[in-house]
Amino acid sequence: TFFSDTWAWDGTRWQQRLTDSGPSPRISARMEYNPELGQIVLVGGYGAKDVGMSPPFPYVFDYREETWIWDGSNWSQRFPDKSPEFSYSYGLVYDSVHKAMFASLGDNLHCADRGPRIYALKPGPGAVLLASYRTEVPATAGSGSVAVTASVPWSASADSWITITGGGTGNGSGVLRYQIAANPSTAARTGKIVVSDKVFVISQAGTP
């Protein structure tokens, strides 16, 4: 069971803070205080989603590609123009010399082909957001779309077995459409569409 409680420690006791909004329930996120902003920054993590209802009860990671700020009273989501990819177990630290938050990425679905990366978390002029970040398609084939909300130009690329059929580029909000071929293997496969710095994960079952 995942919880989304917010608790504050005043040096003597814990007190729960009730807020209108905040990060969805998750684990393995990272938080760090930024003295320049006077705020706490929360990045990443993953939540409980898509747990299979029959044996072997497969669990699908639901990564939270988000940045949240706690100002002492409320949470508010921030949308940097570039943010760390799907990941958890970040290293997150405030660098007082360069006056910036730095994140060193941990594990993620594609950690083997990504390599180590470090991001400086700074405000930007805009952001690219996806309406969803994961889908599943049958072994036979499939198609779908994902809404893109953006205030900057963007473009998309995909793994070789995923075909982008429309909306591969945009300048502002739009809809990206894709087609999935039949899986020639009995093994399930997982691929991705990358929209600017955001990753949309596609899982396809193996052919029986």
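Trainee: Is W7 buried, partly exposed or exposed?

Mentor: Start with the cut-offs. Buried means under 20% relative accessible area, exposed means over 50%, and partly exposed lies in between, with a 1.4 Å probe and protein chains only. W7 has a relative accessible area of 45%, so W7 is partly exposed. Keep in mind that this is a predicted model: local features need pLDDT of at least 70, side-chain atom pairs count only at pLDDT 80 or more, and totals for chains, interfaces and linings use all residues. Residues are numbered from 1 along each chain as its sequence is written, and side-chain values use heavy atoms, leaving out hydrogens and water.

Trainee: Where is the place of W7 in the secondary structure?

Mentor: Helices (H or I, at least four residues) and strands (E, at least two) are DSSP runs, numbered from the N terminus. W7 sits in strand β1, residues 6–9. The chain as a whole has 1 helix and 20 strands.

Trainee: Which residues form a nonpolar patch on the surface?

Mentor: Patch members have over 30% relative accessible area and no salt bridge; nonpolar side chains (Val, Leu, Ile, Met, Phe, Trp, Tyr) are joined within 5 Å, like charges within 9 Å. Here W7, W9 and W14 make up such a patch. Together they have about 410 Å² of accessible area. Areas come from the Shrake-Rupley method with a 1.4 Å probe; for residues, only the protein chains shown count as cover.

Trainee: How many salt bridges does the count come to?

Mentor: The rule asks for a side-chain nitrogen of Lys or Arg within 4 Å of a carboxyl oxygen of Asp or Glu. The count is 1. D159 pairs with K192, and their closest N and O atoms are 3.7 Å apart. This pair links distant parts of the chain, 33 residues apart: D159 is in the loop between β15 and β16 (162–166), and K192 is in strand β19 (residues 189–195).

Trainee: Are D159 and K192 buried or partly exposed?

Mentor: D159 is partly exposed, at 23%. K192 has 18% relative accessibility, so K192 counts as buried.

Trainee: What does S157 touch?

Mentor: Contact means heavy atoms within 4.5 Å. Not counting residues up to four places away in sequence, S157 touches I164, K192, I193 and V194. S157 lies in strand β15, residues 153–158. S157 is partly exposed, at 42% relative accessibility.
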